[in-house]
Amino acid sequence: MHQIFDDMIDKRMKARALDSTTRNGDFLDVLLDQWEENRSILNREAIKPLIQNLFIAGSETSATTTEWAMAELLRNPQVMQKAKKELLEVIGSERTVKESDIDELPYLQAVVKETLRLHPAAPLLLPYKARNDVEICGYTIPKGAHALVNIWAMNRDPKYWNQPLTFAPERFIGSKIDYKGGSFKFIPFGAGRRLCLGLPLATRMVHLMLASMILSFDWKLPQGTNPEDLDMQEHFGMTLKKAVPLYAIPVMKTFD
Ligand code: HEM
């Protein structure tokens, strides 16, 4: 992976050296502009991990969330049907999904929220470090201690959620609970100043990928797999992946 990012930076630096007015207008250009303007802040070795971090933080989380959403839809055919019906009503069968459609798809949005509730891509957020001694719920977190926030457990806690283990997007319909950091019982992207900075991109990507897959194809499980037998085991780590990757078969779309 280092090689890929080194090549990418080298190529861009060469292009900029050949024509100093050429810019792609992306994050790499912003960082290289900063470096040229003030060499003391950034250097080549600092730029590489910055773009690598964005790539790592953004790709697996979004892909995993989409995979879990598809797995839940295949395990709950009535939810899949409802999501498809909404897409057909709003978009129809003649065109592909556009970013601007997402606002008009409340059921799809609820499916994504419910997926992030049951399968948060970052189940422990990122580690926090206490700047000072702080007391939370009667416990003292001493200055310098690392704290992990177990949102996986919070999202399955019957104190906060009705039938917490059931995949029910309907719970978010007509509810003000959002993932932007304002509802503390549901913070799949974190909250406060360390809120995921990729949130706007991530939510667009996940909704778009999911909507496109549902609208463009019917989906079925391999022969002999019943929806209720789908393996939903988790591989617990910094990210919460499916232990067994989802295997689903796209079928040419039918509109009935
Ligand atoms: C469904 C997809 C995603 C989920 C669930 C997710 C979730 C999170 C979470 C929980 C955090 C830690 C927040 C905290 O500790 O309070 C985080 C941080 C971060 N995320 Fe995401 N993320 C996603 C996609 C992305 C994308 C697409 C990008 C970039 C293109 C990205 C870039 C980052 C970065 C750079 C941080 C660190 C921010 C900081 O520490 O200030 N993420 N993300």
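Modeller: What follows goes from the overall fold to the ligand site and then to some individual residues.

Colleague: Before that, where does the model come from and how are things numbered?

Modeller: This is a predicted model, in which local features need pLDDT of at least 70 and side-chain atom pairs count only at pLDDT 80 or more, whereas totals for chains, interfaces and linings use all residues. Residues are numbered from 1 along each chain as its sequence is written, and side-chain values use heavy atoms, with hydrogens and water left out.

Colleague: OK, how many helices and strands does the protein chain have?

Modeller: The protein chain has seven helices and eight strands, where helices (H or I, at least four residues) and strands (E, at least two) are DSSP runs numbered from the N terminus. Its C-alpha atoms fill a box of roughly 60 × 55 × 35 Å along the principal axes, and 36% of the 256 residues are buried, a word that stands for under 20% relative accessible area, with exposed meaning over 50% and partly exposed in between (1.4 Å probe, protein chains only).

Colleague: Now the ligand: which residues come nearest?

Modeller: Of the 22 residues around the ligand, the nearest are Gly58, Tyr128, Pro188, Arg194 and Cys196, a residue being near if one of its heavy atoms lies within 4 Å.

Colleague: And which side chains have a polar atom by a ligand oxygen?

Modeller: Among them is Tyr128, with an N or O atom of its side chain 2.3 Å from an oxygen atom of the ligand, and another is Arg194, with a polar side-chain atom 2.7 Å from a ligand oxygen. Which elements give two or more residues to the shell is also known: they are helix 3 (44–75) and helix 7 (199–216). Helix 3 gives the most, with six residues. There is a backbone case too, since a polar backbone atom of Leu126 is 3.3 Å from an oxygen atom of the ligand; a polar contact here is a pair of N or O atoms within 3.5 Å, and within protein one must be able to donate a hydrogen and the other to accept it, while residues adjacent in sequence count only if both atoms are side-chain atoms.

Colleague: How does the shell divide into nonpolar, polar and charged?

Modeller: The shell holds 15 nonpolar residues, six polar and one charged, with Ala, Val, Leu, Ile, Met, Phe, Trp, Tyr, Cys and Pro counted as nonpolar, Asp, Glu, Lys and Arg as charged, and the others, Gly among them, as polar.

Colleague: Switching topic, how many aromatic pairs are there?

Modeller: A search of the whole structure finds seven, where rings of Phe, Tyr and Trp (its six-membered ring) pair if their centres lie within 6.5 Å, and planes under 30 degrees apart count as stacked, over 60 as edge-to-face and the rest as tilted. One of the pairs is Trp161 with Phe186, edge-to-face at 6.0 Å centre to centre and 80° between the planes. These two residues are 25 residues apart, both in the loop between helix 6 (151–154) and helix 7.

Colleague: Are those two buried or exposed?

Modeller: Trp161 is buried, because its relative accessible area is 5%, and Phe186 is buried as well, at 0%. Ring pairs also link Trp161, Phe172 and Phe186 into a cluster.

Colleague: Last one, what does the side chain of His207 reach?

Modeller: The side chain of His207, a residue of helix 7, reaches the backbone oxygen of Thr203 at 2.7 Å. His207 counts as buried because its relative accessibility is 2%.
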